[in-house]
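Please look through the sequence and the model shown here, and then follow the paragraphs below, which lead from one part of chain B to the next.

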Amino acid sequence: MARRVSETRRWTFTILAWLVALAIFFPILWTILTSFKSEADAIASPPKFLFFDWTTENYAEVQSRSPYFRHFMNSVIISVGSTLLGLLIAIPAAWSMAFQPAKRTKDLLMWMLSTKMMPAAGVLIPMYLMFRSFGLLDTRIGITVVLMLINLPIITWMLYTYFREIPGEILEAARMDGASLSKEIIHVLTPMAVPGIASTLLLNVILAWNEAFWTLNLTTSKAAPLTTFIASYSSPEGLFYAKLSAASTMAIAPILILGWFSQKQLVRGLTFGAVK
Amino acid sequence: MSMMLRGLMGACAMTALAVPAMAETLTIATVNNGDMIRMQKMTKPFTDANPDIQLEWVTLEENVLRQRVTTDIATKGGQYDIVTVGNYEVPIWAKQGWLTPLEDMGADYDADDILPPIREGLSLDGKLYAAPFYGESAMIMYRKDLMEKAGLTMPERPTWDFVYDAARKMTDKSAEVYGICLRGKAGWGENMAFLTSMAASYGAPWFDMEWKPQFSGEAWKKALTDYVAIMTEAGPPGASSNGFNENLALFQTGKCGMWIDATVAASFVSNPKESTVADKVGYALAPEGEKPQMWLWAWTLAVPSSTDAPDAAKKFVAWATSKAYTEQVAAAEGWANVPPGTRTSLYENAEYQKAAPFAKPTLDSIMSADLKNPTTVEVPYIGTQWVGIPEFQALGTAVGQQFSAALAGQASVDQALQMAQQIAEREMAKAGYPK
């Protein structure tokens, strides 16, 4: 009897999990399906799910109109660059907070997080003026630094959480063996925190890849990533859903594939320390 | 000798390397619509004739473009050499000194050929500050078959009462056919574009000559009451979320009897590749109340004063808005695809008249638009479906939210108007009006 109950329960949860997964994935699936429709089919009512004239003309149109590869490379450089730069600063910061906490460390962490609560539009004009003065408008280096600064609180917080799980005694032992501070961080702490660092890296690459406010406002053409590429296919006058869907699919495909292959790492990283 | 030869060859090589570096790159910010995208594909004659000029396109959604370009121009960022702006912005930006006057556009440019209402809206103190790429007004697009079934004949310019009567008769909710589709989505360029022009034809202005908001007046009450009533009775469900594109989709799939909107829609609804009702569409002038409903919009190309390549930019603007470009598009893609609504000569062209059945109502609508006298009473501003002050974008959207709520049934017409009056009074006082 007990076995039957658990079996029923298992099936119920499996079905429920599939339904939730489908509901979450549905917008992406719909975008991909729409990208293969004609503009007329994209607005058909009732909507056409699978039975329509499949076409790749939207992809051809998008390819001919926009330099996809240039936007793609900008996205890769900006998202990976900003994350690596962030890790370089956040690893020592998280180390000091996790292993050498001071009286106000918790307050400092909260303050760092509070910068994320500031509306971005509020600092757009000062940022724009600074970028103009330093000649950073529409440059990869400029937008990389901005995205690094935006994601730095999250990177530091995540690393701090992972580092807290590592016993301080191991670092102490390394110190007693004569390891310098840099050796302690590079050769002892970092290898032990690799899973945490990897998931922080992945999550922040995704966040930087999807960032739209600053990338749209501070880049024009030379440094414009895929967010600008998508924005160019929206229009208030005229039908554009199929072409926009094709552009969106092309923009999200790389990050979707990366997420798919690294999902175990991501889930492990995100649930790290959740159950003790 | 050999030294000299080597030196000469070296100089030649250096020159060859330096030539591409000397080429000027024009960054052009533009919107994503059919005419602009077509232009991007047809620039070869220009780049062939001007090998020292390279073109870099930045295409953005209208609202993103507006925000992006405004930030850049106001801070003199210099990111764009040519910007696509509407006729709402041109006089305001020209007054601020943000745009370069378009003089010396070449002997064959023929600025006098630009339709007078459009040219007037883009000029300040007699100087043209932006060149129109395409222009539009509003018209009624209607289903001829449904009109016939309802036993009615559409006049050349109907009254609002005729439109309401026809909408009720054409509605068949069981077949998902709605007599009338109008904008309901909140926004200064969405529902407020339509409602500003509709109310003006009822004799309702935004402000009196002292810049006092006029939403508490009888004319606004009548206009908004009629709008909400007809949309509730004969409009599609969820109309408060419908903007241009949503109504376009409804009309193209045969769900609207009539649609009053920008004339540019005519080329979409009559395109058999996109529209299921392409062969059943008729066109009429926008309705008439105390005054005809007026609407005037132009997407223009302007040269910001922050550009470091004003001469090359002007050269491109002159080419893109010339008669020669129109002829080039006609030769490549047919007369029906040329950018409409900017030049008198286009509407005198017999081939264009033949290819575009909506040419006459479009021209008549544009020519009847009077930016300085949009309604029955004197007003201190210019604009037919917008008010030519910088505060209008925020104010129009805030008021539009109230009217959209009235359409959705979340507020009564009286409440919406009262709120609109309060918001407008507060914002105008904050902005320091009367100035």
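How many bridges join strand β1 of chain B to strand β3 of chain B? Two bridges join β1 (residues 24-31) to β3 (residues 82-86), and these two strands run parallel; B:Ala29 stands opposite B:Val83 in β3(B). Helices (H or I, at least four residues) and strands (E, at least two) are DSSP runs, numbered from the N terminus, and two strands pair if DSSP finds at least two bridges between them. The model is predicted, with local features requiring pLDDT of at least 70 and side-chain atom pairs pLDDT 80 or more, whereas totals for chains, interfaces and linings use all residues. Residues are numbered from 1 along each chain as its sequence is written, while chains are lettered from A and ligands numbered from 1 in the order in which they are written.

In chain B, five strands form an open sheet with mixed pairing, in the order β2-β1-β3-β11-β6. Its edge strands are β2 (53-60) and β6 (131-136) of chain B, each of which pairs on one side only.

β6(B) is mostly covered, since six of its six residues are buried (20 or more other C-beta atoms, placed from the backbone, lie within 10 Å of a buried residue's own, against 12 or fewer for an exposed one, and partly exposed lies in between).

B:Asp125, by contrast, lies in the loop between β4 (123-124) and β5 (127-128) of chain B, and B:Asp125 counts as exposed because it has 8 C-beta neighbours inside 10 Å.
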